[in-house]
Amino acid sequence: MSRNAWKFSELKIPRPDFNTIELMYHDAIERVREAKHGDDVLEVILENDELVRRVSELITITMIRHTQDTTDERYAEDQKWIDENKPLFTKLALDFSEAVYDSPFREYVCERFGRMYFAKVETMKKIVRDEVMPLRQREIEAIREYQNIIDTCQRDVDGTPRSFWELQSLFTHQDRNIRREAFKAFSAFLSENEETLERIWDDLIKIRTEIASELGFDSYVPVGYLERDRIDYGREEIAKFRKQVEEDVVPFCNKLYEAQAKRLGLDHVMVYDENIILPDGNAKPAGDMEYMMSQVIEILKDMSPETDEFITFLLDHELIDYKSRPGKAASEYSTMLSSRKAPFLFEHFTGSPESVQYFTEGLGHSFAAYRASRKQPLEEYYAPSSDITEIHATAMVQFTNKYADKLFGEDAWKYEFSNLQYFINFIPFGVAVDEFQHICYDNPNLTPKERTYEWRKLEQKYMPWRRYDEDDEFMLRGGYWYHKIHFFSHPLYYIEYSLATVNAMAMYKHYVERPSTAWKQYLELTDVGGSKGSLEILKLANLTPAFEDGAVKDSISYVKSILENYNQSV
């Protein structure tokens, strides 16, 4: 099969040979230690990068195959093996990086690859150690148990069995009774599994606290920051951002929900009404699922030569899995086949406004990875820290607003209205998720019920509009948070979404006012990959860090004005 003619469905996925990989790493380490010139070290780095790409690709394909069919025992076993051995791969990578770090040619390497090469090494040295490997493996097992529980969900709504993902998709159904029934089933599923979910979360808190202790930290929070590659800012800046959101975003969102309730003829919006912006329904797709997918593809082809090249590449190599089916994991993601410089997009596309939004977010992630992989010399530079990658995604969604007529015809304005309202309403939720995680990791001895109550208090602080049915005891005491896999699988990850949304809104304003200039800035944002720190990358794209004084208020001002105008006209 030609290197250029390959299809994802035809790729073979042999299990990585750990012994061979270990020998190759040890050989690379010895060559670095014996190097006589900086060019010798550079040569080994680039050769080892090829090994990293190949191993990473095998791991990634295994994960994709497993999520494509979680019922296939072979894929499940392969994924389990990968999960058990991945920390060992990480340790080998660190051993190699430390050898380069300790080399007398470190400055030579730094001149070639930039400061981020060793910034990443210094981070890994703090959080990757042999003594925590057994704990990391226990952590992975707990995460897998959570995911398995979510994947087993089957609840009847309107006479049809629904997966956990499908239940949530019904929260935007035009029939309020179906929305309420879906949310009731969603809540019941979580409530019935509450005892197990509590145990898993308690185990993860204890495991991660023990990891932090073994690494010499007082709590898991600084470890989580390092794992998230937050080297340019810390807790103080995040706290300042949360405060700005509380003062500048929450009151405006509350007004949006008050206006929404009035439009819908309700005393107040219930949790299952939050995504219903207009009384006659949100934007209606201009066609069925396949038609909507074809239109999204046409939008990417029309948007720019760069996006045209990108979407053509994905289609040619079968790198988009978008149809829901039995056994497919209830998740969405963008990942990378590193040695082929090929993004892979895993989605549940239905053609609804919400799935269009999620899909274009995924396209933003994949487009950025596609660009960076062709611009950056090392695999580890293909992606920056997640606060930047989420700008790639959110900005792409907002850029496509101008093409909404292709997708929703006369309802195009409804799509933009609901899309922008969703994003600004999301900011407080993301902040609440972040503060909740800080509370849990800073106070590891809280009981499960005490933790859940802390979430309820944060809902009242950041989402004062949120209402649950009076008989939904589970949600009323704070159970909503249990459905978010990020808590379990990606600790301290989520504030990035809110930070990125603020920055993407500033970029959207630039795009409306000066589309050509803004697009060039977006390409700068993608092409730099992870070769620079997040604050340097924001500067390249003419963006202000969202935690700087006044940044939130200024960045959301354009979107705020659009929403105010819509609210006055409907």
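This is a predicted model: local features need pLDDT of at least 70, side-chain atom pairs count only at pLDDT 80 or more; totals for chains, interfaces and linings use all residues.

Salt bridges. I counted 47 salt bridges in the model. I looked up Arg242 and Asp434, whose side chains meet in a salt bridge at 2.6 Å, N to O; Arg242 belongs to helix α11 (residues 235-264) and Asp434 to helix α17 (residues 412-442), so that distant parts of the chain, 192 residues apart, are linked by the pair. By the cut-off above, Arg242 and Asp434 are both buried.

I then turned to Arg466 and Glu274, which form a salt bridge with 2.8 Å from N to O. Arg466 is in the loop between α18 (448-462) and α19 (473-476), while Glu274 is in the loop between α11 and α12 (289-303), so this pair ties together parts that lie 192 residues apart in sequence. I noted that Arg466 and Glu274 are both buried.

For Lys414 and Asp280 I found a salt bridge whose closest N and O atoms are 3.1 Å apart. The two are 134 residues apart, with Lys414 in helix α17 and Asp280 in the loop between α11 and α12. Here I recorded the two partners separately: Lys414 counts as buried because its relative accessibility is 6%, whereas Asp280, with a relative accessible area of 45%, is partly exposed.

I also noted a network of salt bridges that links Glu194, Glu198, Lys449, Glu473 and Arg477.

Aromatic pairs. My count here came to 57 aromatic pairs. One of them joins Phe313 and Tyr370 in a tilted arrangement, with 5.3 Å between centres and 55 degrees between the planes; Phe313 is in helix α13 (residues 305-316) and Tyr370 in helix α14 (residues 353-375), 57 residues apart. Phe313 is buried at 15% relative accessibility, and Tyr370 is buried at 4%.

Phe436 lies in helix α17 and Phe487 in helix α20 (residues 485-489), 51 residues apart in sequence. Phe436 is buried at a relative accessible area of 0%, and Phe487 is buried at 1%.

Charges over rings. Finally, I found Arg228 over the face of Tyr493, 4.6 Å from the ring centre, and the charged end of Arg230 over the ring of Tyr225, 4.5 Å from its centre.

Key: Residues are numbered from 1 along each chain as its sequence is written. Side-chain values use heavy atoms; hydrogens and water are left out. A salt bridge is a side-chain nitrogen of Lys or Arg within 4 Å of a carboxyl oxygen of Asp or Glu. Helices (H or I, at least four residues) and strands (E, at least two) are DSSP runs, numbered from the N terminus. Buried means under 20% relative accessible area, exposed over 50%, partly exposed in between (1.4 Å probe, protein chains only). Rings of Phe, Tyr and Trp (its six-membered ring) pair if their centres lie within 6.5 Å; planes under 30 degrees apart count as stacked, over 60 as edge-to-face and the rest as tilted. A charge sits over a ring if NZ of Lys or CZ of Arg is within 6 Å of the ring centre and within 35 degrees of the ring normal.
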